[in-house]
Amino acid sequence: MSTGKGKKRLRNIPALYDEMKSVHRLMLTPTAWKKLQEIAIQQNTSISELIEVWARNYDGR
């Protein structure tokens with residue numbers, strides 16, 4: 001996901017959501033990390049954004 005063609009990102013101003021992202025730490029196996037990297041490449045996005053979208057859309061069902 002990108003900010004869109006022609007839109008400039010500004011420091012400390014959220015580009016994709018209504019809040020800024022902050023640093024968090026995850027511990028994953030090398031297998032899980034590699035799989036996330038593969039998926040991110042296929043979707044032309046970052047691992048961070050993959051997790052963000054998953055968490056925002058997760059409904060627990």
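The model is predicted: local features need pLDDT of at least 70, side-chain atom pairs count only at pLDDT 80 or more, and totals for chains, interfaces and linings use all residues. Residues are numbered from 1 along each chain as its sequence is written, and side-chain values use heavy atoms, with hydrogens and water left out.

**Overall fold**

The protein chain has 2 helices and 0 strands. Both are DSSP runs numbered from the N terminus: helices are H or I with at least four residues, strands are E with at least two. Of the 61 residues, 13% are buried. Buried means under 20% relative accessible area, exposed over 50%, and partly exposed in between (1.4 Å probe, protein chains only). Among contacts (heavy atoms within 4.5 Å) with a separation of 6 or more, 41% join residues 24 or more positions apart. The accessible surface comes to about 6,000 Å², and carbon and sulfur atoms hold 54% of that. Areas come from the Shrake-Rupley method with a 1.4 Å probe; for residues, only the protein chains shown count as cover.

In α2, the residues I47, E49, L50 and E52 are buried. Their cover includes α1 (30–42). E52 also pairs with R56 in a salt bridge, with the closest N and O atoms 2.5 Å apart. The rule asks for a side-chain nitrogen of Lys or Arg within 4 Å of a carboxyl oxygen of Asp or Glu. By that rule the count is 1 salt bridge. Both partners, E52 and R56, sit in helix α2, 4 residues apart, about one turn of the helix. An α-helix has 3.6 residues a turn, so residues three or four places apart point the same way.

N44 lies in the loop between α1 and α2. Its phi is near 55°, a positive value in a residue other than glycine.

| Residue | Relative accessible area | Class |
|---|---|---|
| R56 | 41% | partly exposed |
| N44 | 69% | exposed |

**The largest pocket**

The largest pocket has a volume of about 410 Å³. Of its 15 lining residues, K21, S22, H24, S48 and I51 are the closest to its centre. On a 1 Å grid over the protein atoms alone, a pocket is an open set of points where a 1.4 Å probe fits, with protein on both sides within 12 Å along at least five of seven lines; lining residues have an atom within 4 Å of a point. Helix α2 (residues 47–57) gives the largest share of the lining, 5 residues. The lining divides into 7 nonpolar, 3 polar and 5 charged residues.

Methods:
Points joined across faces, edges and corners; volume = space filled by probe spheres on them. Nonpolar A, V, L, I, M, F, W, Y, C, P; charged D, E, K, R; others polar.
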